[in-house]
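Hi everyone, thanks for making time for this. I'd like to walk you through one structure, so please have a look at it with me.

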Amino acid sequence: MDAISPRPQDRVVVIGAGIAGLATALRLAPLPVLLLSAAPLGAEAATGWAQGGIAAALGPDDDPSLHAADTLAAAAGLADPEVARRVAEAAPGCIAWLDGLGAPFDRAEAGGFALGLEAAHSRRRIVHAGGDGTGAAVLRTLAQAAEADPRIAIRHARATALLRDEAGICGVLAREDGEPVAIPARAVVLATGGVGGLYAHTTNPLGAAGTGLALAARAGAVLRDLEFVQFHPTAMAVGRDPMPLATEALRGEGAMLVTAAGGRVMADHPQGDLAPRDVIARAVFRKVMAGEPVFLDARPLGGRLERFARVIALCREAGLDPARQPIPIRPAAHYHMGGVAVDGNGRSSVPGLWAAGEVAATGLHGANRLASNSLLEALAYAGWIAGDIRGGEARPPLRPLPLGAARRPAPDAGIVAALRELMERHVGVVRDGAGLIAAVTALRPLADAAPSALSDRALAGLLIATAALRRRESRGAQCRSDRPEADPASAPSFLTLADVLEGEAPRTGTARP
């Protein structure tokens, strides 16, 4: 049932029902919201799979300035210091808001939040729920709140295009029960998640294949830092697609990365097994590519392993006992630091369009995301986006919106598998110019075809490959074997669909929304 509204175009349309979409919908009160979810709430959201927690400076030895400093250090020189400061300062309030909604956060014996340690954090500041089940617990809390909110209407529909008029984005074209439907909107918030499903090895739901990037690019939005795809170093190599995740918190409690012979993979790094993710992912990748399997040995945890119920269950489903056997692992596409370029209120470069969560590039993560900052970023920006939209004016009456194509068939499974292998091979953990050119050449004809599920997937891959080709350095998650050094003059990268399809040079350090 639609939310009560005097006119349909007064509603805010939120595309996506993970933590970013649900939190934004709830924060938009008292405005009516139409939440578009391609599946039942939580079914395709990467939030529910997040084993890590939410970073917040809550300990007596911690401070938001320390959290911001760790964020900037992990980001390899490309994070925005002001964004890092704002998000770190907002973190305690975000935790308090979720706690008020009933999120079942783990507690210490004294009654405060139990705080964990993860890689590249200088303090224990990770708030968890159910040990390694934070994402699922938070998503469940938000979904229940949204379903109980009479302002929020939920429709199971898949967005296929953003609709524009002379003033900007005015609605969404979607498919509902196989039929096209045009939905007018006061504002549109993209919260469509990431791009892991573009890769052959991923920890994400396979539907996370860059849909939001394609929607925004076709609508003319500026995109930022698309080359920076984070590969989680400890995806469980147990024959499942997508790959289960062995949370980073295991290493925070003492688990070690080892070879089959028991050698320490990270023995030569000053931070050892708690080095930044990009560093560990490359170390593990090089071992695996050399034919040397790598394992996560959680046996040193002893009884503390029982805190990680989800990891234990996933191991047992694969026939492993992590208390007795090391867990086979390899890097897998996990999180996209790049996305739709937005300002401090989540606004894109196109009037009427905001973006939240993984599909957005806020400047927080730079070239490498600090662990457990992703759910935090979504929560912080949800409030800022909602305040910005509430402060705007309602749109004037709209003329009828176009419906577009009547059919949008699912892409051929064989072609999708080939595209995933292409991205894995040429746009993966380690890249080079020749491979990136091969990827761009293969993806361009598919991306330039009429909009469809397949061309959207190809376009997302093309955007990432083009950005990686044009960044002629190695930095954070961008590792080019043919350009191994970092460029001291490096800056954030910005590009548009026209840049990619017309072959124009990328813009760096400019074209902010």
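Before I use it, two quick notes on what you're looking at. This is a predicted model, where local features need pLDDT of at least 70, side-chain atom pairs count only at pLDDT 80 or more, and totals for chains, interfaces and linings use all residues. Residues are numbered from 1 along each chain as its sequence is written, and side-chain values use heavy atoms, with hydrogens and water left out.

Now, which residues is Arg218 in contact with, if we leave aside its neighbours within four places in sequence? They are Ala447, Ala449, Pro451, Ser455, Asp456, Leu459 and Leu497.

Arg218 sits in helix H5, residues 211–218. My helices (H or I, at least four residues) and strands (E, at least two) are DSSP runs, numbered from the N terminus. Is Arg218 buried, partly exposed or exposed? Buried is under 20% relative accessible area, exposed is over 50%, and partly exposed is in between, with a 1.4 Å probe and protein chains only. At 31%, Arg218 is partly exposed. H5 itself is mostly covered, with 6 of its 8 residues buried: Gly212, Leu213, Ala214, Leu215, Ala216 and Ala217. Just after H5 comes Gly220, with a positive phi of about 95 degrees.

H5 has a partner in helix H12, residues 453–470: the two axes come within 8 Å and cross at roughly 85 degrees. That makes H5 roughly perpendicular to H12. The axes here are lines fitted to C-alpha atoms, for helices over the stretch in contact, and angles run from 0 to 180 degrees between N-to-C directions. Under 35 degrees I say roughly parallel, over 145 roughly antiparallel, 65 to 115 roughly perpendicular, and the rest is oblique. On the H5 side, Leu213, Ala214, Ala217 and Arg218 meet Ser455, Asp456, Leu459 and Leu463 of H12. Sorted by class, this contact has 5 nonpolar, 1 polar and 2 charged residues. For those classes, Ala, Val, Leu, Ile, Met, Phe, Trp, Tyr, Cys and Pro are nonpolar, Asp, Glu, Lys and Arg are charged, and the others, Gly among them, are polar.

Let's move to another helix pair. Helix H2 (residues 64–74) and helix H3 (residues 81–101) have axes that come within 8 Å and cross at roughly 135 degrees. H2 and H3 are therefore oblique to each other. In H2, Pro64, His67, Ala68, Thr71 and Leu72 meet Pro81, Ala84, Arg85, Ala88 and Glu89 of H3. That contact has 6 nonpolar, 2 polar and 2 charged residues.

In the loop between H2 and H3 you'll find Ala76. Its phi is near 55 degrees, a positive value in a residue other than glycine. Ala76 is partly exposed, at 25% relative accessible area. For context, most residues other than glycine have a negative phi, and most peptide bonds are trans.

On to the strands. Two strands pair if DSSP finds at least two bridges between them. Strand E8 (residues 168–176) runs antiparallel to strand E9 (residues 179–184), and 6 bridges join them. One of the pairs is Glu176 with Glu179. E8 and E9 form a hairpin with 2 residues between them, and Asp177 in the turn has a positive phi of about 55 degrees. Asp177 is exposed, at 76% relative accessible area.

There is also an open sheet of 5 strands, in the order E6-E2-E1-E10-E17, with parallel pairing. Its edge strands are E6 (152–156) and E17 (353–355), each pairing on one side only. Within it, strand E2 (residues 33–37) pairs with E6 over 5 bridges, and Val33 has Ile152 as its bridge partner in E6.

Last stop, the peptide bonds. From Ala29 to Pro30 the bond is cis, with omega near 10 degrees, and Pro30 lies in the loop between helix H1 (19–27) and E2. Another cis bond joins Asp241 and Pro242, with omega about 0 degrees.

Terms used
Contact means heavy atoms within 4.5 Å.
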